Structure formats: structure tokens, C-alpha cells
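Subject: Handover of a structure for your review

Dear colleague,

Please find below the structure that I am handing over to you. My notes on what was found in it follow directly after.

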Number of protein chains: 2
Amino acid sequence: MTNRLWIYDTTLRDGAQCEGLCLSLEDKLRIARQLDTLGIPFIEGGWPGANPKDVQFFWRLKEQPLTQAEVVAFCSTRRPGTTAANDEMLQAILSAGTRWVTLFGKSWDLHVIESLKTTLEENLAMIRDTIEYLRSQGRRVIYDAEHWFDGYKHNRDYAIKTLEVAADAGAEWLVLCDTNGGTLPHEISQVVREVLEALGTNREKSLQLGVHTHNDSGVAVANALAAVREGVTMVQGTINGYGERCGNANLCSLIPNFQLKLGYDCIQDEQLVRLTQVSRSVSEIVNLAPDDRAPFVGLSAFAHKGGIHVSAVEKNPLTYEHLEPEKIGNCRRIVISDQAGLSNVLAKARTFGIELDRKNPACRQILEKLKDLESQGYQFEGAEASFELLMREALEQRPPWFEIKGFQVHCDKVGEDCMALATVKLSVNGTNILEAAEGNGPVSALDAALRKALVNFYPAIAHFYLTDYKVRILDGGAGTSAKTRVLAEFSNGQDRWTTVGVSGNILDASCQAVVEGLEYGLVLENQEAIALVCRVH
Amino acid sequence: MTNRLWIYDTTLRDGAQCEGLCLSLEDKLRIARQLDTLGIPFIEGGWPGANPKDVQFFWRLKEQPLTQAEVVAFCSTRRPGTTAANDEMLQAILSAGTRWVTLFGKSWDLHVIESLKTTLEENLAMIRDTIEYLRSQGRRVIYDAEHWFDGYKHNRDYAIKTLEVAADAGAEWLVLCDTNGGTLPHEISQVVREVLEALGTNREKSLQLGVHTHNDSGVAVANALAAVREGVTMVQGTINGYGERCGNANLCSLIPNFQLKLGYDCIQDEQLVRLTQVSRSVSEIVNLAPDDRAPFVGLSAFAHKGGIHVSAVEKNPLTYEHLEPEKIGNCRRIVISDQAGLSNVLAKARTFGIELDRKNPACRQILEKLKDLESQGYQFEGAEASFELLMREALEQRPPWFEIKGFQVHCDKVGEDCMALATVKLSVNGTNILEAAEGNGPVSALDAALRKALVNFYPAIAHFYLTDYKVRILDGGAGTSAKTRVLAEFSNGQDRWTTVGVSGNILDASCQAVVEGLEYGLVLENQEAIALVCRVH
């Protein structure tokens, strides 16, 4: 493989610095296994000297190893004024038992003096000793040159010297880190070129360069691309770009760019097809909402809105898509909005797995219903589940799971105490049910009452939960009397779906959205049975 | 100004293609005014021929013009086989009455043949006629060459020909668009260089190039940087990178990169300080959660976690920050440090126009209250009126207009009929009042009951009305039991102000926001009297 590029994932270490992200041991193991199936060759597992959770992580992976990835332990150079063999932290690294260790050291004279409070000479000795010691213990070493680009700008000779020392001591990769994320692509290109010239002359071929970029200037991905085009062969980044401040370079953008656009070999094509799923699984594991606008893997990455786009993209996807979404396991989505024409409706039906013929009178009926509801303030662009229910109704494929007859909600606030009580009246297969529940707010009380009423008939409802809830008033001038639109997002742990409700009464709108959310969950649970009914029908 | 770079905002047109983003007329006007205060020279307002809302938008701006920005109307070339003067769409453009029009046309032969279904020659005629007609009607023209980079790759000569025709017909800017977002920075550099060579020889100097990039490959910002480094002088993008699919180039990343790192003149330094606030206000207006990890303007962009970073950054910010956050109106956040919190309060007070002395003991009191409230989910970025009330309270400048003791709300839905009844209990100057009112929803009933109770004491309240109302849940995983944050915007016909309420109960949160909205309106009505009290105090 002449065009081999080595992907190095640091989601479990640098990614975990992301604000709001907190990983348990089990989370880390689950993410590591996801990365392994994706074919990532290097996975940085953590800093076993600094953190008991990371010690356990490496133990657990020794018991149940990954199939192909190298799990790497991460640590700093030894402390000033000691020897490497006497540094406890390095003992913890060795007992992690990995083949590879990534060691980070200082390249920037300012940091040596102000942060480490030592001399420039001692810093070089710390780099040399630590690498030599790790090599003597049979470890292979990746050297992360922290603050490389800033250090190089401030004191070029010293920065180069740190790399030379690391290489002479036996590091196999020298990774240039833009730790503060302030460097722009043209600077990266120039510095990498100069480094290769400075080191290149009397080095054996086994020494290679890597790059580690951050997104503080919004160009982490472009910086990694620029470095690779100059000859760097290892790229460090994280899934979904998680990381401190603005995050690290996003591997979910880098891998397809390298592999599909620049012709590098990073992972197998069959593994690349898993990329979208890995991105979304990791966001579930870390419990951060996925970024719908993420390049390549986002929900909206291949979404088409306007009528012209839709008909053009169906004739020739190349016209409005930069590559085929299937290659990274994503898919094209036709978005429904008030500009929708008949071709949008037909395209949408196909994505729902509903066969619809342009000549079917139901088509026009759906389109008219859609336009009527949108003029009332409904918006189906973000509420595909409600749109599918609407289609199914026109096609007589919407099973009558239950019917809402009415509800009452009562809220009471006295001083600081607040309570909410809801009563719902509904019928299931002709049986009338009246059920009440409390909640900390009126919507949770309504939701609870609906579930209590329905769970005996449809036990699956117990596994549906609301994951997002948004409200917007539609006609600002009308103030609190305005119509409200509620968007509710649900999950059953596997799929996500969104519904919409509109009313002058916020609780009525919420009730509509929650009811359709439960109903659509039932459609998903019973997909095969419904398909059968349709065929008979 | 030798290094002038022209920023062109298309949030209101291309940005509005963003999935889940739906702008009302008032939203568009508010965003336009935000962009105007930021000093953006060109604001694309919409396509008046395609959309009645956009027609109104231009009318409203004629009544109340912006202070300095050029508002630009957007449209396509005339239809095949007609004349420009007979094209209705172009008449709508002219009646928008803007000085500048942005016209987009096809550069890619594939699109001409497959989408427009016309000949390559007729497409050139469409570009020429439309521009000449607009020029004859006194308009200045920006020409957006759609799918430029893909077109150039497929048929270089034809693509160049379309630009030559546009320039000859009188377009002053030729904007190279990467409509599908598939181009990488090194390709952008090369193509821009070649275009300048191809056009450069026998052109007058007044012709300039622009660039319009999309983020499908995760490099929209880097692509714009690359184009500008080759000589492009106009950059199109959107606030927060909103836009179709993966979005447009993010102006909140581009402007600081150009201005602070590359030395271009885009906006005034005093305007640049507003960037963070504009980013967050726009995200509130469009009701999309702000991206905390956004470069430069994100909440986490200058956040420092724990030990080494904190002490290093306090000694010398350069060690862990690529630039000074104050330059873009953001601030360093050191999560564990009280001192940093105090600067936050002072910084926030300054952005809201309140001068506060660090030595005033009220500062610490405000800080503690603020931290407590923010940990509960309050957010004051979009709710300046609530923040001012909080400050006034600590400074003993918040008159006790009234006190809420409690409320009850009852909602009833039977079949299609819905009713809401609210009762409020409050006291004014020691007098207890119990008042009830109906509304078409629970919030309007609450609002009506509050007004009925207060209007006899404070007749001005009759003139305050709610102009916008938004709700977001704060902790997605908790579903309908999650905390809700309500933002309410009020007007008295002259001023507008926004308040915030947070509670596990949506009606409680709404009541808080409405109560503070009425209270702040009274502060505005009585400003002189209050100022007097303060001076005496």
C-alpha cells in the first residue's frame, strides 16, 4: 500500500476533555470496540498514571482484547530532576502492558520555563531519558510534540532540537501538535515542509511525522489535510470532533476526505460504510445530541429541500451531492416543506417504504392536506414521523391504535411549590378509559396519564421516551394568544423520530405531538404486521 | 484601506435553507438589524419574486432603513426563451428597490442541459440579458456563479465563458460558488489562481472576485481563507454557519480569522467586539441551540478546565489561548475560579451598558445569584431585561411594584373544544388581589389575569404586549420531566425587551417570564423617577 495513512483516535483521552462529556469505564470500552470495528489502527486509551479509571480500562482490554487496533497508553515525559526509571507514573504506563506508548513533551521554550519551571537543557534530557527508558522496556514510542507550531514560531531552533532528541532516542513517529488550535492551513503547510527539510537529510526512512490539530480557528480538518499533503503519514483526531474548547479534528470528516477524495488508504471500504453508525453510536454513548449538520455523517448532510433540487437529484445525484452517501453509510433525505410538490411527496413516500403511484388519487389528497396543515402553522420539515402518519392515513394504512376524546390539566402554584395533574379520556378498540397522573409540569403529567392509560394495551410504550421538546409561537404580534407549534423528539433506544402539534393552546399542541410520538413508536414496533395488512388490503 | 475584504451575509436566504430553521418576517428584520450593527456591508435579504414574505421584508426596510448595510435582493437569470423585461420575477426584484442585486446563473454545462433543459448558448444569453437589463434599470450587480468549481472541473472553457459574459454585461463582482461543498482547499487555491489568470489580462481593475463555500467536506472556512489568499475580495457566508445540508461558511469563524490573524479589514474593531453577542442572539431568534464548541464565539471556546491550564493561563494567557477572547466579545471561563466569575459579571454588565465597579460589594452578590441561577438553567445572553432586573435588585434599584403569591391554571379539552382558565394571587403595596381570566391557552389566561389584577395600579401595562415566546427543554434525556426555559419578548410600541423563566413546570416558567416582562416595562416607563431614587439613595 503506497498511499497508507495512519489514523490515530484520541476520543477516549483528548476527546474526553470536551465540556459536558463524562465517560464511565463501560462507556470507554464500548467506544473502543466501536473504533475497532471501524478499523482505526491506533486507539489512545488514556493516561493510566493519572487516573484509576484508565488503569482499569487497560486491564479490561487485556482480558478481552480488541480484534485489530493497537491500544496506546498516553503520558508525559518524566518529571524534572529525577530519572525515568524512578518516575512512578512511567511504572503505571508500563503495567498497562501496551505495545505502543504515546509520550508528550514540550517544544515551546515559554512552556518549559513558565509551566515546567525548568531549563531548556533539562527538558531535552527529559524527552531523551523517557523515550530511551520506554524503548529499553520494549515499548514502541509515538512522540507528541505539544504546542509544536507555536513553539516553532517563537524559537525555531529549540523546537527542532526537541524533535531531533526524540528521534535519536528512538521515537518512531514525531507528531506535530497545534495544541491551542490557532494555526491556519497555509502556516501548517509551510512549517511541515520546513520540518521535513530540517530532519530529512540524515534520517533513516523509518521515522515518520504525524499531526494533531484543534478547531479553535474552525480549520482543524483543513489543517490535517494540509499536513498530509506535505508528507505527514499519521493523523490524530476524535469521533465527532469532541475535545477541549472547540474540539479536535473530526475523524468523521477526515477519513472520507482522505479516502474518497484524496485516494489515501485509511480503513477498508466495508469499514467506511460503518462510519455514520459509529458517529451516532458514540454520540449516544457520550449522551451529547448528535450534530445534524455534521459533514458526511449528519442527519442533514444529504437532505434536499427545494422542489428543483429534488427532481434534479433524482435524475442525477451528482448535480446536488458531492459524493454518494451510501459510501459512508448515510442516506439521501427528501425534506418536506411548504415548497413541496408532488415529486417531493412521492420521493418521501419511497423513503418511508410506502409504494405510491403518481396516478393514485391519494397523492393529491396528501399534498392538499399537507398544504392545509402548513398554512395552519404545522411544519413537517422537522417532523417526519407526523408526515408519515398523515400519509398512512390517506392510504388507509394508519391502524386505529387509540383515540383521544379529551383531557384536563390542572396546575397550582402556592409560594414556591408547584404541582400539575392531568386527566385523559381515550378509547382503545371501543373501550373507554379515564386515567389521571401527576407530573412536575403539565406536559409531563399529560404524558404520564397517556402512558398509564395505554401501557396495558401496548407494553412497548414503556420503552419510548421523549428526547427533545421545542415550542415556538407562530404569529408574534398576537402575544400569549398566538398559535404555538410544538416539536417533540422521541427515541426507543434505537430509532429517533419527531412529531409536531399546533394549537392556540400550548398544552393541546403538546398533547398532539406526544400522542403522535407514541403512535409512531407503535408503527415502528409493528412494521412487519402493518406491511402485511396493507398487502391484504 | 489597502487590505479591504467585503463580507456578504446570506443568513436570511441561504442560511434559511437550514433544516429546522424557519424565519418569520419579524425574525428576518431582527437578524438584519443585528447584522447592521455588526457592520456587515452586504446583507442578502431574500428572493422577492419567489416568496411573499421576502417582498414584505424589503418593504419594511424601505420604511425603516438600516444604518449602513446594503440590503441585496437575490434572484436567478431570466427563464429560457423569454426576454428579461418580460420576466415577472425580475419585475418583483426591481420593485424591492435595492441598489444591489445578486443574480445567480449556471456555470456547469451538466446543469444547463439537465436542470434548465436549454442549450449552452441560451444559458449565456440568459446571463447576459438579465445583467444588462438590471444595469439598464440602475442596479449594480453581483453575479453568483453557481456550481462554479464542479463546472470548471467538467468543462473549463464553458465555465470561464459564463464569467466573461457576466463581466462584459456589467457585473461588478463574480462570485465563485462551491454549491455542493465538495471542493478541498488546495483545489480552491488552484482554480482561483487560474481564473484570475484567465480573466485578468484584459479586464479593467473594477472587476473583483468573490467566493461562496459550503461545509459538506468540513472545510468551508478553510476554502474561503484559501480563496482570499489568492486574491478574492468578497466572502459570502452565514452567521453560525447556518445553511442547507452541512451549512455555509461560518462568518463567526471567518471574520476573526481574516481580521485578527491575516490582517484584513472587514469590520471595525468596536464592531468585532459584538460578534459573540450577535452569534448568540441570532441562535435565539432562529430558536436553534447555540453550538457551545463553535470557534471564537462558543461558550466553551475559551473554557479552561482544571489545574495546569488554569494557573498557566492566568500567568500568561498566550500559553493556552490562540487569541484574546475580549476582541470578539467572548470571555475566558475558568470553571473553578471565583475571580474569573467576577470578571464575567463585570464583562456581562458592560455588554448590557451597566457600569459596575469591581470593589462594589454588590458585585459578589450578583455573581453568586448569577451562578446559582445559571446552574439552574437560566441564560441571560438572550434575556437582557431579566439580567438588568437581577442587577438592579442587588444594587437596590428594583422597585417592589408587586409580588406574586401563587397561581392556578385549568385547561379542558373536550372533542375539538379547548378552554383555559387562570387565577392569580398577588399583592401590590400590601393590598392582596385575587383575579381570574380566561384565554385560548394557559399562558394567555395567566397573562390576562395578571394584567387585570395590575392595570388599575399601573395603567401603562395596558400598552405592553408580548411579541415573541420561545421554549426549550434543558436536559433532553429527562423527557417531559425536563426543566424548561422560556424566553419572552415584549414591546411597548417603542422598545423591545426579553426576559427568561426556568422551571420543571412550563407554566411556572412562563409565568416568571411574563411577570418580569411586565415589571421591566414598568422600569422603562419610570426610568427618570428610578434614576432619581438611586441618586438620593
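In which helix of chain A is Val515(A) found? The residue lies in helix 18 of chain A, which covers residues 506-525. Please bear in mind throughout that this is a predicted model.

Val515(A) counts as buried because its relative accessible area is 11%, and the limit for that class is under 20%. When neighbours within four places in sequence are left aside, the residues in contact with Val515(A) are Phe402(A), Ile404(A) and Leu450(A). Leu446(A) stands 69 residues away from Val515(A) in sequence, with a C-alpha to C-alpha distance of 9.9 Å.

A second residue that I examined is Gln236(A), which belongs to strand 8 (residues 234-237) of chain A. Is Gln236(A) buried or exposed? With a relative accessibility of 1%, Gln236(A) is classed as buried. Its side chain makes a polar contact of 3.1 Å with the side chain of Asp144(A). Beyond the neighbours within four places in sequence, Gln236(A) is in contact with several residues, including Tyr8(A), Ile142(A), Val175(A), His212(A) and Ala249(A).

Chain A as a whole

The secondary structure of chain A consists of 19 helices and 16 strands. Chain A has 537 residues, of which 61% are buried. Along the principal axes, its C-alpha atoms occupy a box of roughly 85 × 60 × 50 Å. If one takes the contacts in chain A between residues at least 6 apart in sequence, 67% of them link residues at least 24 apart.

The interface of chain A and chain B

The size of an interface is often expressed as the accessible area that is lost when the parts come together. Here, chain A and chain B bury about 8300 Å² between them, and 51% of that area is on carbon and sulfur atoms. Chain A contributes 99 residues to the contact, and chain B contributes 102 residues.

How many salt bridges does the rule find across the interface of chain A and chain B? There are three. One of the pairs that form a salt bridge is Lys413(B) with Asp508(A), whose closest N and O atoms are 2.7 Å apart. On the side of chain A that touches chain B, strand 11 (residues 403-414) of chain A supplies the largest share, namely 10 residues. By class, that side of chain A comprises 37 nonpolar, 37 polar and 25 charged residues.

Strand pairing between the chains

Strand 14 (residues 465-473) of chain A pairs with strand 14 (residues 465-473) of chain B in the antiparallel sense, over three bridges. Within this pairing, Val471(A) has Val471(B) as its bridge partner, and Arg472(A) has Lys470(B). Strand 14 of chain A is also joined to strand 15 (residues 484-491) of chain A, running antiparallel to it through eight bridges. There, the bridge partner of Val471(A) is Val486(A).

With kind regards

Key:
Residues are numbered from 1 along each chain as its sequence is written. Chains are lettered from A and ligands numbered from 1 in the order in which they are written. This is a predicted model: local features need pLDDT of at least 70, side-chain atom pairs count only at pLDDT 80 or more; totals for chains, interfaces and linings use all residues. Side-chain values use heavy atoms; hydrogens and water are left out. Contact means heavy atoms within 4.5 Å. Buried area is the accessible area (1.4 Å probe) that two parts lose on being put together, summed over both. A salt bridge is a side-chain nitrogen of Lys or Arg within 4 Å of a carboxyl oxygen of Asp or Glu. Helices (H or I, at least four residues) and strands (E, at least two) are DSSP runs, numbered from the N terminus. Ala, Val, Leu, Ile, Met, Phe, Trp, Tyr, Cys and Pro count as nonpolar, Asp, Glu, Lys and Arg as charged, and the others, Gly among them, as polar. Two strands pair if DSSP finds at least two bridges between them. Buried means under 20% relative accessible area, exposed over 50%, partly exposed in between (1.4 Å probe, protein chains only). A polar contact is a pair of N or O atoms within 3.5 Å; within protein, one must be able to donate a hydrogen and the other to accept it, and residues adjacent in sequence count only if both atoms are side-chain atoms.
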